[in-house]
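Please look over the sequence and the model shown here, beginning with the overall fold and then turning to a single residue.

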Amino acid sequence: MKLVIINYGAGNIKSIQFAFKRLGFDAVLTNDVDEIKAADKVIFPGVGEASSAMKMLQESGLDAIIPTLKQPVLGICLGMQLMCNHSEEGNTKGLGIFDVNVKKFSNSVKVPQMGWNIIYNLESKLFTGIKEKEFMYLVHSFYAGECKESIATTDYEVEYASALQKDNFYGVQFHPEKSGNEGAKILQNFLEL
């Protein structure tokens with residue numbers, strides 16, 4: 001299986017690469033369009049700030065390519081948020097794959113949300129073998145609201161979509177690569193889609 005992690009300069013990519021290595025798969029880091037299109041599975045990571053990450057995608061032309069991909073694509077953290085319509089972070093227009101906007105948590109809670117929280121309302125093959133109310137590791141100040149594409153929910157000040165799916169596109173707000181055995185199981189499930 002050819003597994004590609006999109007390397008566009010915004011991501012804690014090594015920890016994701018190591019997570020797949022532990023599952024027995026070598027993931028290729030690349031921003032080469034042909035290599036991404038030829039992959040069996042694509043990981044779209046992201047750590048950092050939305051507007052600068054989107055600018056890096058635009059400079060490499062990947063903003064036009066990602067929404068056209070036909071194989072399973074998994075956006076992680078900021079990667080998932082960039083797949084939405086719009087983010088309040090830097091007033092950023094997203095890729096428009098998921099029909100939802102990304103908002104900032106209010107100042108009435110500690111921001112960023114950092115640490116373990118539960119996911120529930122699990123509705124996808126991505127969560128095969130994962131129990132309702134399993135803990136996942138999150139670090140984020142912005143969130144995608146609940147919407148029809150939501151496949152998991154988390155509650156932090158508000159209930160929000162901690163995972164999204166539309167067709168071959170999946171997104172998780174949490175970091176499966178930092179969420180222990182259950183996170184590894186989600187990555188394995190993604191490889192088996």
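Helices (H or I, at least four residues) and strands (E, at least two) are DSSP runs, numbered from the N terminus. On that basis the chain holds six helices and 13 strands. The radius of gyration, taken over C-alpha atoms, is compared here with a globule rule of 2.2 Å times the number of residues to the power 0.38. For the chain it is 15 Å, close to the 16 Å that the rule gives for 193 residues, so the chain is as compact as a globular protein of that length. The C-alpha atoms fill a box of roughly 45 × 35 × 30 Å along the principal axes.

This is a predicted model, in which local features need pLDDT of at least 70 and side-chain atom pairs count only at pLDDT 80 or more, while totals for chains, interfaces and linings use all residues. Residues are numbered from 1 along each chain as its sequence is written, and side-chain values use heavy atoms, with hydrogens and water left out.

Of the 193 residues in the chain, 53% are buried, meaning under 20% relative accessible area with a 1.4 Å probe and protein chains only. Of the contacts (heavy atoms within 4.5 Å) with a separation of 6 or more, 69% join residues 24 or more positions apart.

Ser87 has its place in strand S5, which covers residues 84-87, and Ser87 is buried, with a relative accessible area of 4%. Leaving aside residues up to four places away in sequence, Ser87 touches Ala50, Thr92, Val102 and Phe142. A polar atom of the Ser87 side chain also lies 3.0 Å from the backbone nitrogen of Glu89.

Definitions and conventions: Buried < 20%, exposed > 50% of the residue type's maximum accessible area, 1.4 Å probe, protein only. Polar contact = N/O pair within 3.5 Å; in protein donor to acceptor, adjacent residues only side chain to side chain.
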